[in-house]
There are 4 protein chains.
Amino acid sequence: MAGNSFGEIFRVTTYGESHGKGIGAVIDGCPSGIRLSSLDFESEMGRRRPGQGAFDTPRKEEDSVEILSGVFEGLTTGAPISLFIPNKDARSKSYEILESLFRPGHADYTYFKKYGHFDFHGAGRYSARETAARVAAGVLAGRILDPKGIIVAAYTLELGGIRAESFDMDKVNGSPLYCPDPKAELLMEEALRKAKGEGDSLGGIVEVRIIGCPPGLGEPVFDKLDADLTKAVISIGAVKGVEIGAGFEAARFKGSENNDPIIPAGFRTNKAGGILGGISNGDEIIVRAAVKPIPSIGIEQDTVDREGRPSRIRMTGRFDVCAIPRVIPVLEAMVKLVLADHYLRFRAMKSLQGE
Amino acid sequence: MAGNSFGEIFRVTTYGESHGKGIGAVIDGCPSGIRLSSLDFESEMGRRRPGQGAFDTPRKEEDSVEILSGVFEGLTTGAPISLFIPNKDARSKSYEILESLFRPGHADYTYFKKYGHFDFHGAGRYSARETAARVAAGVLAGRILDPKGIIVAAYTLELGGIRAESFDMDKVNGSPLYCPDPKAELLMEEALRKAKGEGDSLGGIVEVRIIGCPPGLGEPVFDKLDADLTKAVISIGAVKGVEIGAGFEAARFKGSENNDPIIPAGFRTNKAGGILGGISNGDEIIVRAAVKPIPSIGIEQDTVDREGRPSRIRMTGRFDVCAIPRVIPVLEAMVKLVLADHYLRFRAMKSLQGE
Amino acid sequence: MAGNSFGEIFRVTTYGESHGKGIGAVIDGCPSGIRLSSLDFESEMGRRRPGQGAFDTPRKEEDSVEILSGVFEGLTTGAPISLFIPNKDARSKSYEILESLFRPGHADYTYFKKYGHFDFHGAGRYSARETAARVAAGVLAGRILDPKGIIVAAYTLELGGIRAESFDMDKVNGSPLYCPDPKAELLMEEALRKAKGEGDSLGGIVEVRIIGCPPGLGEPVFDKLDADLTKAVISIGAVKGVEIGAGFEAARFKGSENNDPIIPAGFRTNKAGGILGGISNGDEIIVRAAVKPIPSIGIEQDTVDREGRPSRIRMTGRFDVCAIPRVIPVLEAMVKLVLADHYLRFRAMKSLQGE
Amino acid sequence: MAGNSFGEIFRVTTYGESHGKGIGAVIDGCPSGIRLSSLDFESEMGRRRPGQGAFDTPRKEEDSVEILSGVFEGLTTGAPISLFIPNKDARSKSYEILESLFRPGHADYTYFKKYGHFDFHGAGRYSARETAARVAAGVLAGRILDPKGIIVAAYTLELGGIRAESFDMDKVNGSPLYCPDPKAELLMEEALRKAKGEGDSLGGIVEVRIIGCPPGLGEPVFDKLDADLTKAVISIGAVKGVEIGAGFEAARFKGSENNDPIIPAGFRTNKAGGILGGISNGDEIIVRAAVKPIPSIGIEQDTVDREGRPSRIRMTGRFDVCAIPRVIPVLEAMVKLVLADHYLRFRAMKSLQGE
């Protein structure tokens with residue numbers, strides 16, 4: 001009822017706050033026989049870690065993932081896999097001002113309304129730190145998808161209004177902004193510098209491509225593949241919109257333009273974004289997510305205190321300018337969780353057909 | 001695992017196909033003491049029914065909802081409520097061509113890949129008829145929301161590229177296109193006529209406003225209110241994109257533009273669309289859905305047969321030109337299902353606080 | 001949350017009361033390709049029907065099962081299967097006395113405490129009629145188990161203190177008391193006649209044998225096969241105790257007596273009742289259920305009215321003397337639901353191993 | 001699907017093996033505002049710990065519970081509570097013989113059939129160590145029940161065939177055998193000494209009383225309170241039978257004997273064991289569990305090796321003679337988990353009535 005679990009067969013439950021001992025994920029339903037070691041998590045956890053880019057805050061958390069259970073002699077056993085990420089920097093931040101004022105654009109206000117308190121020591125469950133557990137679980141999901149050739153790749157399509165025009169996927173991983181277009185990236189960096197100078201922040205659009213997904217994943221009515229992907233993506237705090245394939249553009253096409261002609265090799269076009277009737281069609285799956293600008297800015301803003309009295313807030317300290325570089329590994333992880341779950345559901349269903 | 005249920009406390013399970021005896025919904029977890037009669041369903045079911053507008057197919061299904069259980073002397077008892085909608089027009093359609101060819105833009109292809117068959121007699125669970133069960137369940141959800149003053153209203157923001165510019169909500173219900181702008185509606189009708197003449201179809205954008213939602217609904221991590229709303233909306237077959245509040249526009253705002261200043265009365269602006277950190281903030285909740293053009297068109301298209309051999313398909317018969325008028329009641333129903341569930345979760349949580 | 005669903009993969013949701021239009025079950029997760037027609041339900045529904053034996057009430061309900069969805073051309077499609085059993089005899093019984101007095105041994109008192117009302121027109125969800133939906137769902141479960149050679153057979157081990165001493169399974173189905181021992185049956189009938197004459201009722205013990213269950217069914221921790229079987233059996237209103245294998249006798253054995261020696265062919269004895277560590281071991285699974293005497297008796301009893309004032313109640317009308325003949329088909333159905341669900345979970349898990 | 005979670009609102013997921021880093025439980029759905037510290041776990045964990053009594057193995061595990069999340073300034077926050085119990089003695093036991101032979105009465109055989117392997121280093125998820133996570137979660141459940149005056153007390157009713165005849169609850173906690181009858185306890189100890197001398201083991205019967213449970217807990221159909229209690233109790237490996245109230249004795253009563261007369265103060269007798277129609281009636285709830293003798297014995301037994309070849313096994317090392325003293329805290333914990341979950345479900349339902 002409290003919504004800290006995700007998935008049906010491959011079911012992930014996360015816990016933890018930034019001020020406690022750590023955060024973690026328990027995955028129930030992972031098949032046995034998958035090779036897994038704590039080293040497997042390093043690169044993904046590194047990507048999610050703040051404090052790497054010029055536009056990031058200089059905090060440094062060494063996020064190592066401990067496997068507490070479910071692996072024996074290097075292989076998953078079929079028992080629940082418990083992943084734990086200790087908090088290294090758990091001391092409370094001393095934002096005294098936050099004890100009384102709600103930060104615009106943050107969840108302070110809604111938490112206070114819901115729970116009667118909000119956690120000014122580091123935002124409790126709505127801390128960005130919570131997403132580290134998702135990334136860790138996503139690594140395990142990846143171990144199910146990789147051997148099947150199902151690849152998830154996200155990149156920055158747009159940042160601060162600047163759109164990538166060329167798509168060289170080899171550039172993405174080398175780029176601090178995950179941008180496939182080096183020219184656009186230079187402009188994006190300039191926009192970030194400018195925003196930083198103004199104490200402001202920027203948003204953008206991330207595109208995710210899922211390559212190698214076989215046809216047949218997704219359930220026809222409520223648990224459509226696109227429905228679950230969309231929920232997964234929007235469950236990331238900064239995301240305010242999601243599209244599949246042609247997305248909002250499809251609203252302006254005619255049927256004759258939007259239908260993808262079917263050919264022996266599959267489909268001639270991919271307006272559908274790889275999903276028809278909620279089920280993968282074997283084509284590339286394309287998801288786009290709108291990422292809002294980070295709400296923490298250095299510019300003074302109107303707010304109220306806990307008693308509802310008008311006030312002004314100016315946040316000090318160091319903030320990221322744009323969430324995208326940190327959102328991308330989380331987005332990929334969430335997409336992998338959906339795919340691993342639906343892949344296992346599909347395989348299980350197939351094995352039961354005609355039973 | 002097969003995904004025919006939706007919701008956590010207020011849990012809806014639907015069943016049924018267009019060629020069988022009927023379709024239905026069972027709702028487990030509906031509180032007792034809610035007044036309900038089969039008459040309550042008439043107006044909503046009527047809105048969903050095809051064959052009403054000039055641009056709809058002339059089929060006519062008299063959709064009456066039978067209450068099979070869970071109501072005693074006019075009040076819900078706390079037992080499961082079973083709603084049944086008999087199929088009146090259950091004879092198979094005689095689209096012989098569909099027995100061998102996949103219709104572009106439909107789920108024929110993916111169903112065939114998933115299940116090894118597709119249901120050419122009326123599309124099985126991916127028939128639009130399935131949504132009648134959602135609308136019926138949505139009426140019950142509305143009976144929970146209405147007394148709390150939580151109102152869900154959807155209207156056509158854009159159709160065939162023509163956008164409403166004025167928003168007179170009183171016009172919406174009288175309008176066959178659910179358009180709040182009479183001038184735009186005239187242009188939309190013209191576009192529909194033109195598309196119809198060409199044997200083509202149109203899409204558009206629907207906007208949903210939720211008025212009167214108290215702050216506090218939604219769970220912080222995976223079951224965020226916007227995540228569940230988004231899943232609900234995308235689970236409608238024709239929807240290819242969803243936005244909350246500023247949505248994709250937020251990607252181009254700066255933080256100082258996108259943050260809604262907090263004032264004693266609530267928020268000065270509503271870029272957030274009424275949801276912060278996945279929890280309702282007391283402001284109007286705004287959801288937009290991109291509806292693709294109907295894939296059934298009278299223009300010949302490329303396709304393949306079941307053996308994968310290239311072929312051409314021209315669909316005959318009468319088709320709707322735009323799905324929006326039929327999607328709107330379904331959209332409202334799905335939004336109500338999410339709200340009723342989260343409202344009950346919120347109230348239950350509140351009642352347990354400090355237990 | 002309201003507990004009207006059962007099972008994980010093969011998930012049954014039931015609804016309905018004796019005073020409404022009927023009762024039903026929706027099964028989500030049934031594999032496709034299973035042959036099913038409404039005739040398949042006849043014999044099981046007939047067994048459950050009251051009014052057959054000399055010691056039963058003479059009511060007669062013609063329980064036919066309608067398949068509302070999920071079957072196409074005689075085969076399940078993978079879509080939810082909706083089964084409906086219309087109430088033929090839905091007029092309220094005229095037990096005026098029940099409007100104000102709680103019947104001892106019935107759930108009137110606890111329903112009133114829980115919901116603030118109880119349903120004197122026929123007991124609502126705690127009516128024995130609710131079990132017809134379980135029997136119908138059990139028939140479908142049987143269609144999954146039968147082709148695998150998994151057979152469920154229940155019989156009367158003890159009735160009114162008289163215990164079967166010989167076990168001729170061929171006698172069971174011909175016997176109105178499901179008794180495998182014709183000599184014991186004569187004594188049981190005599191005891192029933194005597195109790196009937198006294199306006200009293202009798203209980204007994206039912207034994208269920210599951211033959212042909214392969215090893216490996218059951219999950220190791222909470223969803224052990226015996227745990228789910230036990231829950232299923234106790235969820236039948238009249239059952240007050242459950243044993244697996246040696247059961248309570250095991251409490252008096254020494255380890256050397258209770259351990260089943262393992263031999264190449266399996267096990268030399270079967271104290272374990274076919275389940276070790278919550279997982280089936282390939283041997284016969286043995287479950288015993290203690291059935292209490294029917295609480296409706298013709299003898300005057302102490303009770304209170306709704307205001308808590310002491311009163312006396314004497315129930316008139318015609319009642320069954322012993323619940324066992326009607327409980328047996330329900331018991332078999334519940335056991336089949338558990339087995340079908342765990343069988344599918346097992347097969348799904350196996351298909352995913354090493355994925 | 002893999003069955004490592006339990007409960008609906010108060011949902012516990014456990015993980016961990018005896019050979020890994022530790023075991024743990026994550027509880028999602030715990031209300032906020034409950035005082036909790038790691039000290040709260042000490043006494044219960046101490047009770048479960050082996051190596052205390054004269055008839056226990058001398059192993060000593062210092063089981064401390066770490067609260068990894070969900071508590072802030074000593075109070076639960078509504079976020080998931082993660083409890084972790086590090087393994088102190090994680091080195092593999094050197095039972096070389098177990099690498100090839102199945103131990104009779106243990107789950108080695110069924111695990112091997114299910115997963116293709118069994119964990120001879122300490123029994124994986126079927127290790128008794130798994131239950132430590134249940135006890136820890138049970139402590140949290142107790143924090144919900146205690147303030148409501150709902151008390152769970154278990155004691156040894158019978159051991160090695162010797163039955164307690166007097167019931168002085170004050171004696172229970174001081175007794176290493178949890179026996180309420182000091183005279184019977186002396187005989188039980190003698191029986192244990194004798195069995196130990198023979199290299200054999202003993203079983204018994206545990207009775208659990210739930211005092212102070214208000215009427216109304218339990219759902220009418222599948223999730224009856226007794227059904228969930230029974231599942232919880234049987235999910236403990238050593239338990240082979242469960243009774244509620246009169247249990248198997250009820251099978252021999254007449255209706256006039258078994259019905260509890262209703263009086264203004266409640267019920268004159270308690271054959272029902274505090275539950276009617278699956279719902280608590282306000283009386284004491286009485287559950288009895290049959291505990292089998294420990295399968296690990298020093299007497300040589302027939303078995304087979306992994307290839308199915310007949311062999312003999314004699315287990316060396318030190319084993320407990322009777323599981324009851326270690327089972328009792330686990331039993332209490334499981335009963336508390338069920339009660340906490342149903343208490344919260346009941347309170348939530350009540351708060352929604354008439355919504």
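This is a predicted model: local features need pLDDT of at least 70, side-chain atom pairs count only at pLDDT 80 or more; totals for chains, interfaces and linings use all residues.
Q: How many salt bridges and polar contacts does the rule find across the interface of chain B and chain A?
A: A salt bridge here needs a side-chain nitrogen of Lys or Arg within 4 Å of a carboxyl oxygen of Asp or Glu. The rule finds 12 of these salt bridges between chain B and chain A. One pair that forms a salt bridge is A:Arg252 with B:Glu158, with the closest N and O atoms 2.5 Å apart.

Q: Which strands of chain A and chain B pair with each other?
A: Strands of a sheet pair through backbone hydrogen bonds, in either the parallel or the antiparallel sense. In this model, strand 11 (residues 239-244) of chain A pairs with strand 11 (residues 239-244) of chain B. The sense is antiparallel, over three bridges. Within this pairing, A:Gly241 stands opposite B:Glu243.

Q: What does strand 10 of chain B pair with on one side, strand 8 of chain B?
A: Strand 8 (residues 151-159) of chain B is joined to strand 10 of chain B by eight bridges, and the two run antiparallel. B:Glu158 has B:Ile205 of strand 10 as its bridge partner. B:Glu158 is also the residue that forms a salt bridge with A:Arg252.

Q: Over how many bridges does strand 10 of chain B pair with strand 16 of chain B?
A: Strand 16 (residues 285-291) of chain B pairs with strand 10 over seven bridges, in the antiparallel sense. There, B:Val206 has B:Ala289 as its bridge partner.

Q: Is strand 10 of chain B mostly covered or mostly uncovered?
A: Strand 10 (residues 204-211) of chain B is mostly covered, with six of its eight residues buried.

Q: What does the interface of chain C and chain B consist of?
A: Here 36 residues of chain C are in contact with 36 residues of chain B. The buried area is about 2,600 Å², with 63% from carbon and sulfur atoms. C:Tyr15, C:Leu68 and C:Phe72 supply 20% of the area that chain C buries against chain B, more than any other three residues. The count of salt bridges between these chains is zero, and four residue pairs are in polar contact.

Q: Which elements of chain C give two or more residues to that side?
A: They are strand 2 (11-16), strand 3 (22-28), strand 4 (66-69), strand 5 (71-72) and strand 7 (81-86) of chain C. The side of chain C that touches chain B has 13 nonpolar, 15 polar and eight charged residues.

Q: In what order do the strands of the open sheet of chain C lie?
A: Five strands form this open sheet, in the order 1-2-3-7-4, with antiparallel pairing. Strand 1 (5-6) and strand 4 of chain C are the edge strands, each pairing on one side only. Strand 2 and strand 3 of chain C are joined by six bridges, and C:Thr14 has C:Ala25 of strand 3 as its bridge partner.

Note on methods. Residues are numbered from 1 along each chain as its sequence is written. Chains are lettered from A and ligands numbered from 1 in the order in which they are written. Side-chain values use heavy atoms; hydrogens and water are left out. Contact means heavy atoms within 4.5 Å. Buried area is the accessible area (1.4 Å probe) that two parts lose on being put together, summed over both. A polar contact is a pair of N or O atoms within 3.5 Å; within protein, one must be able to donate a hydrogen and the other to accept it, and residues adjacent in sequence count only if both atoms are side-chain atoms. Helices (H or I, at least four residues) and strands (E, at least two) are DSSP runs, numbered from the N terminus. Ala, Val, Leu, Ile, Met, Phe, Trp, Tyr, Cys and Pro count as nonpolar, Asp, Glu, Lys and Arg as charged, and the others, Gly among them, as polar. Buried means under 20% relative accessible area, exposed over 50%, partly exposed in between (1.4 Å probe, protein chains only). Two strands pair if DSSP finds at least two bridges between them.
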